[in-house]
Amino acid sequence: MVRPASQVAHTPVIAVIGNPNTGKSTLFNALTGLKQKTANYPGVTVERHTGELRTPQGQLDLVDLPGAYSLAAQSPDEMIAVDVLLGHVEDLEQPSAILAVVDATNLRRNLFLVTQLAEVGLPVVVALNMTDLAAQQDISIDHETLARELGMAVVPIVASTGANLDELRSVMYRAASGSPPARPNLLPTVDAAVQSLHHRLRATGSHLAEYEIERALIDAGGVAERRFEFSTPPEFTQELADLRSRLSTGSSLAAMEAKARYDFIGTLVTKVERRAPPRLTFADRLDRITNQPLIGSLLFLLVMATVFQAVFSWSGPLMDLIDAGAAAIGAAITASLPPGALASLLVDGVIAGVGSVVIFLPQIVILFTFIIFLEDSGYMPRAAFMMDRLMRSVGLSGQSFIPMLSSFACAVPGILATRVIPDERDRLATILAAPFMTCSARLPVYALLIAAFVPEQSYLGGLINLQGLVLFALYLLGILGGVLTAWLLKRTVLHGPTPTFLIELPPYRLPSLQSLLLRLLDRARTFLYRAGTVIFTVAVLIWALAYFPRPVEISDRFAADRTQAEASLSGDDLDTALTAINGRESAAFLEQSLLGRMGKTIEPVFAPLGWDWKVSAAVLASFPAREVVIAVLGTIYAVEDAEADEASLVGRLRASKHPDGTPVFTLPMVAGLLVFYAFCLQCAATVAVIARETNGWRWPAFAWFYMTGVGYVGALFAYRVLS
């Protein structure tokens, strides 16, 4: 319900809404800059982006709503947008005004949503974006006439360059205390029926807004109708159906509304827009080339291969700098504190655990730089279009490609993105395939093992390196696992027809540097927050399990060895002997620790994969979040051999030995470990979001056991074949 006046904040709230591909996110970033927050709406997994906007007149709070083509809500994302506009969201007051972002090159299509916003009862400001692209296409729009006809302020802007944003800020602030536009008189008989029904419902205590009743009447089977049925007496549900039947006159109210709305829009566009005959532009020529199946597929593979080459080729110096910084901090703490539990906690737990994960920040940033650039440039929808044929071969459509592609960043938003898929079976198959995509949490694991055990070999004059090729192969392996999973599901428990696929291909454009940097900063901040909270907590917990207990008999035994060495040796020989004794003592303490005992217990399960108890314990600890394995390995090997000459985790992994003296991390074992992480579902957040999106724990349980089983079998196969 609408917030009481006493709860309304003094700062006006502006809701930002628009069609996909209108530059809405770019404008939001340009207006709010670094003053942004990301959270979830209460009770749902839809993200809420808010930001502060300072104008000469005062401050505004902006809420960035999910992209929508209309307010006829059919999905949770669209329903959230409607709820925000009507003031139904907990902890968020009803907006004082709406900022509608409109693509100047697609005025007719964008005005469908704008005319619906005019019916909500809030002041509306239209940001006529991409006017530079419109000018390039010889499109001129009389924005003053458009404003007069709509009864709204219309401000032409270019969000990517910041052109005319000062005027937009001032207009938005004035609109926050302005009046709503007049409703378009599209279906008078429907409006009269809705007003009558709303009046009688209010008498029963219903809090449904007039606009919600209108949408429930027009959008048969939609979210609004279900909400109407839930919140009104049964007799009104029947009356709604009777009204729909009487008013539709042989058609559907949705079709009647669409026709009336587009008739109104057509008349309006004729008045305000002038278009020259279309010209063949460079972007058109580029589209014709890249949309060809063979060329487009080869281009996609080339683009992805380039991304993974850059991840290794460009990140080295920054990673070395972070590694050196962590080592210096550890050395300073060691020098300033006496040996004991506190020094070990800080150096072996916090620095070794958290630092071993933070070192991969440069690779995360490089990967997301490419992904954001490709999204904002307009390439990603084309990639989905190109992949439609491949997706159809496994029973899905190109609609599933964007969620699966989003899962390369994180499976959680990828799974949430499946809400755009109308067919329930296809949506479920995509949800279960998405976790196979190589998310950013897998990247640190891959990077560590590849850097440690894959030679730094380059080809074609340094353009291609072997480590990048291996990383690319692992990403392809994840794609293969997801595609085969979808194929199996669509031919068994989720059998059904393949849906049609429609997608808008926005024009190619140069992304806004400011928007790209802001999104990168948000990704880096999220990664560091995770490193500073979840991974820090796990690192400290693992250190405690690896450090305690400290049996006195082990201390006494190795103290006697030191006394004997000091009595019989001197100089460098004594230093060498003491270092060896200290290393054996650390290993003995670790083996008798709580973590050591746990690892020994589960070691037989993973012994067929070539893992020792330390690797087994680290992998087991990483099931809540797979990137935790780096912190756990860093802590285990730091605690085990704090006196080692090689302080880096890579060096300690290379030196790790079985009790018989053979290396633990051989090429077959590392290959199996990489395959295990490529397939296994080690992410509590992903399991939780699958449960929420499928309304139960049956499918998340299936996904966990299935993916873990595939990972184990795949690791066993790789280890045995390469051995």
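This report walks through a few strands, helices and loop residues of one predicted model.

Some ground rules come before the tour. The model is predicted, so local features need pLDDT of at least 70 and side-chain atom pairs count only at pLDDT 80 or more, while totals for chains, interfaces and linings use all residues. Residues are numbered from 1 along each chain as its sequence is written, and side-chain values use heavy atoms, with hydrogens and water left out. Helices (H or I, at least four residues) and strands (E, at least two) are DSSP runs, numbered from the N terminus.

Let's start with strand 5, residues 97-103. Here 7 of the 7 residues are buried, so the strand is largely enclosed by the rest of the structure. Buried means under 20% relative accessible area, exposed means over 50%, and partly exposed is in between, with a 1.4 Å probe and protein chains only. In a regular strand, side chains alternate between the two faces of the sheet. Strand 5 has both faces covered: A97, L99, V101 and D103 sit on one side, I98, A100 and V102 on the other, and all are buried.

What does strand 5 pair with? Strand 1 (residues 13-18) runs parallel to strand 5 and is joined to it by 5 bridges. Strand 6 (residues 124-129) also pairs with strand 5 in the parallel sense, over 6 bridges. Pairing here means that DSSP finds at least two bridges between the two strands. As for individual partners, A15 is bridged to I98 in strand 5, and I98 stands opposite V124 in strand 6. Further along, D103 has N129 of strand 6 as its bridge partner.

**Helix 1**

Helix 1 (residues 24-32) has 8 of its 9 residues buried, so it is largely enclosed by the rest of the structure. The buried ones are K24, T26, L27, F28, N29, A30, L31 and T32. After helix 1 comes G33, with a positive phi near 60°.

**Helix 3 against helix 11**

Two packed helices are described by the angle between their axes and the distance between the axes. For helix 3 (residues 107-117) and helix 11 (residues 253-272), the axes come within 9 Å and cross at roughly 120°. Axes are lines fitted to C-alpha atoms, for helices over the stretch in contact, and angles run from 0 to 180 degrees between N-to-C directions. The two helices are therefore oblique to each other; angles under 35 degrees count as roughly parallel, over 145 as roughly antiparallel, 65 to 115 as roughly perpendicular and the rest as oblique.

Which residues make the contact? On the helix 3 side they are L107, R108, L111, F112, T115 and Q116, meeting E257, A258, R261, Y262, F264, I265, G266, L268, V269 and V272 in helix 11. The residues of this contact divide into 10 nonpolar, 3 polar and 3 charged. Ala, Val, Leu, Ile, Met, Phe, Trp, Tyr, Cys and Pro count as nonpolar, Asp, Glu, Lys and Arg as charged, and the others, Gly among them, as polar.

Leaving aside residues up to four places away in sequence, E257 touches Q116, L187, R215 and I218, where contact means heavy atoms within 4.5 Å.

**Accessibility of single residues**

| Residue | Relative accessible area | Class |
|---|---|---|
| E257 | 4% | buried |
| M130 | 5% | buried |
| N164 | 31% | partly exposed |
| L517 | 47% | partly exposed |

M130 has a positive phi of about 60° although it is not a glycine, and its place is the loop between strand 6 and helix 4 (131-136). N164, likewise not a glycine, has a positive phi of about 70° and is found in the loop between strand 8 (153-156) and helix 6 (165-175).

Towards helix 23 (residues 513-547), L517 lies within that helix. L517 and G482 are 35 residues apart in sequence and 31 Å apart in space, C-alpha to C-alpha. F548 and P549 are joined by a cis peptide bond, with omega about -5°, and P549 is in the loop between helix 23 and helix 24 (552-568).
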